Amino acid sequence: EKIVLVQEDTVITFLRDTIKLSDLKDGNYIIVIGKPNDAGKLEAKFIRVMPSSSAGISPKSGMRRMFFW
């Protein structure tokens, strides 16, 4: 598990559409591109939400399910 920090300039996409952070749902599979900060949290520059048809992808592939607290 990683803590991902989303900033105002973070781009979030689903397919070809840019979406808002509020559009993300518990259980979404995401790919995050960013860099770790000094606290070990990932500062996201780009987040891609994968379609539900990608749900068969295993965690070993680098895909992670996202949960909100």
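Colleague: What should I know about the numbering and the model before reading anything?

Modeller: Residues are numbered from 1 along each chain as its sequence is written. This is a predicted model in which local features need pLDDT of at least 70, side-chain atom pairs count only at pLDDT 80 or more, and totals for chains, interfaces and linings use all residues, while side-chain values use heavy atoms, with hydrogens and water left out.

Colleague: How many helices and strands are there in the chain?

Modeller: Helices (H or I, at least four residues) and strands (E, at least two) are DSSP runs, numbered from the N terminus; here the chain has 0 helices and 5 strands.

Colleague: Why does Leu 24 count as buried?

Modeller: Buried means under 20% relative accessible area, with a 1.4 Å probe and protein chains only. Leu 24, which is found in the loop between strand S2 (17–18) and strand S3 (29–36), counts as buried because its relative accessibility is 6%. Asn 28, in the loop between S2 and S3, counts as buried at 18%.

Colleague: Which residues form the largest nonpolar core?

Modeller: In soluble globular proteins, nonpolar side chains tend to be buried together. A nonpolar core is a set of buried Ala, Val, Leu, Ile, Met, Phe, Trp, Tyr and Cys residues joined through side-chain atoms within 4.5 Å. The largest one has 6 residues: Ile 12, Leu 24, Ile 30, Ala 44, Ile 47 and Val 49. Strand S4 (residues 42–49) gives the largest share of this core, 3 residues.

Methods: Buried < 20%, exposed > 50% of the residue type's maximum accessible area, 1.4 Å probe, protein only.
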